[in-house]
Amino acid sequence: NPRVVFVEEFTNTDCPPCATQNPAFDALLAANRSVGKVSMVKYHAPWPGPLDPMNNFNPTDVGDRLYYYGSLGLPNALMNGQYIPNNNTCMIYGFPECLEQYEIDSAWAIPSIFQIGLTNSIVGNNMLINVSVTALTNIPENVLRLRTIAVEDAILYTTSPGTNGETDFYQVMRKMLPDAKGELLGPMTANQTLNFSYSWPYSTPVNPMELRTLA
């Protein structure tokens, strides 16, 4: 059962090194996303400046994720829940520019022990999301959580909303469902399936044509 590698990044529109690193980072992720290897989400932090409109839209879920991982400053990125390690050419632990193709390939090669099915639809001003989680082996742990995330795939500004010059933003977290803490799964037996349903009433300035979901 192939794994989809999960990449997360904390960024901000007033962060100069974010603007320096994000273009190459986004290009690497897009290339892997196009072949089904990677899914990603960007959390817009409340600092170094308060101008970031994507943080202002939902500061609560971003704050919970910052608290969950602990902050290394900005930008910082994680792959499958672990900060990206530094290497011989990138000396700052957690920097997006440290991520390399071979690291994605190695993570992708690890079989997943879950199958996750995901559907969504737009009805009026509500995004309806259904998630199924099937265990492919016995899962004795009682601490695993399902986190479901609505992202806006592309947010493109004509002028930079912050001070670092960036105008194009991708896979921006808009809402975590039911919240950033997710759903506690509990122990599962092989082939057992759990189902979850959510309804999220999105609001301006979200573009429903750009909404996607991750789980």
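User: In which loop does Pro178 lie?

Analyst: The model is predicted: local features need pLDDT of at least 70, side-chain atom pairs count only at pLDDT 80 or more, and totals for chains, interfaces and linings use all residues. Residues are numbered from 1 along each chain as its sequence is written, and side-chain values use heavy atoms, with hydrogens and water left out. Helices (H or I, at least four residues) and strands (E, at least two) are DSSP runs, numbered from the N terminus. In these terms, Pro178 lies in the loop between β9 and β10 (183-184).

User: What is omega for the peptide bond from Leu177 to Pro178?

Analyst: Most peptide bonds are trans. The bond from Leu177 to Pro178, however, is cis. Its omega is near -5°.

User: Which residue does a cis peptide bond join to Trp47?

Analyst: This cis bond has an omega of about 15°. The proline concerned lies in the loop between β2 and α2 (53-57). The residue joined to Trp47 is Pro48.

User: What is the relative accessible area of Asn191, a residue with positive phi?

Analyst: Most residues other than glycine have a negative phi. Asn191 has a phi near 75° and lies in the loop between β10 and β11 (193-201). Buried means under 20% relative accessible area, exposed over 50%, and partly exposed in between (1.4 Å probe, protein chains only). Asn191 counts as exposed because its relative accessible area is 63%.

User: How does Asn80 count in terms of accessibility?

Analyst: Asn80 is not a glycine, yet it has a positive phi of about 50°. It lies in the loop between β3 and β4 (82-83). Because its relative accessibility is 33%, Asn80 counts as partly exposed.

User: Which elements are included in what covers the buried residues of α1?

Analyst: The buried residues of α1 include Cys18, Phe25, Leu28 and Leu29. Their cover includes β1 (5-11), β2 (38-44), β3 (76-79), α4 (101-108) and β9 (168-177).

User: Which residue forms a salt bridge with Asp153?

Analyst: A salt bridge is a side-chain nitrogen of Lys or Arg within 4 Å of a carboxyl oxygen of Asp or Glu, and by this rule the count comes to nine. Asp153 is buried, at 12% relative accessibility. Its partner is partly exposed, at 32%, and the closest N and O atoms are 2.8 Å apart in the bridge from Asp153 to Arg33.

User: How many residues apart in sequence are the parts tied together by Asp105 and Lys37?

Analyst: The side chains of Asp105 and Lys37 meet in a salt bridge of 2.7 Å, N to O. Asp105 lies in helix α4 and Lys37 in the loop between α1 and β2, so the pair ties together parts whose separation in sequence is 68 residues.

User: Are Arg174 and Glu152 buried or exposed?

Analyst: The side chains of Arg174 and Glu152 meet in a salt bridge of 2.8 Å, N to O. The pair links strand β9, which holds Arg174, with strand β8, which holds Glu152, 22 residues apart. Both Arg174 and Glu152 are buried.

Terms used
Contact means heavy atoms within 4.5 Å.
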